[in-house]
Amino acid sequence: MERKREGEANIKSMEIVWQTPANPPEKHDYIFRNGTRYVRPYYFEFISHVKNRWEGKTIVDLFAEEFKGRPYDYYVNAVKCGRIQVDGEMVPVSYIVKSSQKISHFLHRHEPPVMAWDVSILQKESDVLTVCKPASVPVHPCGQYRKNTVVGILQAEHGLAPLYPVHRLDRLVSGLLILARNASKADLFRQQIEAGKVKKQYIAKVIGVFSDGERMVDVNINYNAREGRSTAEVGNCDHKSSVKGKVACTKFTKISTDGTHSTVLCEPITGRTHQIRVHLQYTGHPIANDMLYLSENAAYHSRRGMGADKISVDLSPSVTLSLLGDCLEQCKEESSNDFSIDPVCTNCPNLAPKGYDRDEEPLWLHCVKYSGPGWVYECPYPEWAFLD
């Protein structure tokens, strides 16, 4: 009982500064270790509103059933400590939620790490910025990423804000990224893309000797959001196909080969999820290190969160109030001085959240060129593109 009171006292006495999306990333937010960029953990308020299907559930059951990344005991403790509130007020664990109520989850946030490569600036104009995006870094805040993004890093390290990404690259894809520096320029790019006036070029390193000449692939893409991967469905570009998925067309041209691998120029006519990766798989020449579409066990990898765009989450051990005092002392001993340990957090004292201690290989897919009416932006080839 004494330990429980000490743990509760530690929580209540903590001086916590809650961050919101209005808090811009800063240079000191990042910690670099062994070629990896980490974000110093910070406090953040996640806000949601009770959906109709949530109504009638207890506050603890709601979180345990809808947000499975943490154990049940964590949510019990979070409610008791006021880390989870309803309409700005603390509630008991038995509280029944009602439709449209505001739910706040005050969280000690640990962002997933990314590779510690620089986001190099290629061209800086008054209304356009182009950069070479490193693999593993998301373009903009999404999921568990906020500061460990291209937009966040550019703001923290170069003071560049606001920025409006003109197009998107998958997290493990590298290369040219165009960012507008004002909303009107971003809207102009959007109009040109929607009108089909923008041409895109990527390069990929694939398995085998790719055929000579141009090869057009007109195959529908069917994206499965649950598995985080797409499949190819035979179709046409005439928008009259009755097969599943969306119309997708990509033109491929072999650049070079060493007899084992080929470097291929990829020009997507449409822009579907994982389009180039799926179309290359369809040709029999998948990207050589794309585990999501290369392995026979791709579906298994996808379900396990091991694909290029999935996030794996391991359930962390429960932290009960009766052990918080011991937990705090243990964390102080194990952690460095890089950040403050939170006794309620299920990730402390580690920098990365649970499930992110694996190494990731950059995908051999790289954006090299975008062109439109009166403009062209390019990015240098990566080292892997040059075959001896």
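**Helices, sheets and selected residues**

Biologist: Which residues of H4 are buried?
Modeller: Helices (H or I, at least four residues) and strands (E, at least two) are DSSP runs, numbered from the N terminus. Buried means under 20% relative accessible area, exposed over 50%, and partly exposed in between (1.4 Å probe, protein chains only). In H4, those that count as buried are Val150, Val151, Gly152, Ile153, Leu154 and Ala156.

Biologist: What kind of model is this?
Modeller: Residues are numbered from 1 along each chain as its sequence is written, and side-chain values use heavy atoms, without hydrogens and water. Local features need pLDDT of at least 70, side-chain atom pairs count only at pLDDT 80 or more, and totals for chains, interfaces and linings use all residues, since this is a predicted model.

Biologist: What covers the buried residues of H4?
Modeller: Strands from several parts of the chain take part. The cover includes E2 and E3, strand E8 (120-124), strand E9 (128-133), E10 and E11.

Biologist: Which residue in E7 is the bridge partner of Thr36?
Modeller: Two strands pair if DSSP finds at least two bridges between them. Strand E3 (residues 36-39) and E7 pair in the antiparallel sense over two bridges. In E7, the partner of Thr36 is Met115.

Biologist: How many bridges join E5 to E6?
Modeller: A second open sheet has four strands, mixed pairing and the order E1-E4-E6-E5. Strand E5 (84-86) is one of its edge strands, pairing on one side only. E5 and strand E6 (residues 102-109) run antiparallel, and the bridges between them number three.

Biologist: Is Asp170 buried or exposed?
Modeller: UniProt, in an unreviewed entry, places the feature "active site" at Asp170; positions follow the numbering used here, feature names are shortened, and annotations may be inferred rather than shown by experiment. Asp170 sits in the loop between strand E10 (164-165) and strand E11 (174-180). Its relative accessibility is 12%, so Asp170 counts as buried.

Biologist: Which side chain makes a polar contact with that of Arg277?
Modeller: Arg277 lies in helix H6 (residues 275-283) and, at 2% relative accessibility, is buried. A polar contact is a pair of N or O atoms within 3.5 Å; within protein, one must be able to donate a hydrogen and the other to accept it, and residues adjacent in sequence count only if both atoms are side-chain atoms. At 2.9 Å, the partner of Arg277 is Asp290.

Biologist: What distance separates the C-alpha atoms of Val376 and Lys199?
Modeller: Val376 belongs to strand E18 (residues 375-378) and is partly exposed, at 44% relative accessibility. Val376 and Lys199 are 177 residues apart along the chain, and their C-alpha atoms are separated by 9.4 Å.

Notes: Contact = heavy atoms within 4.5 Å.
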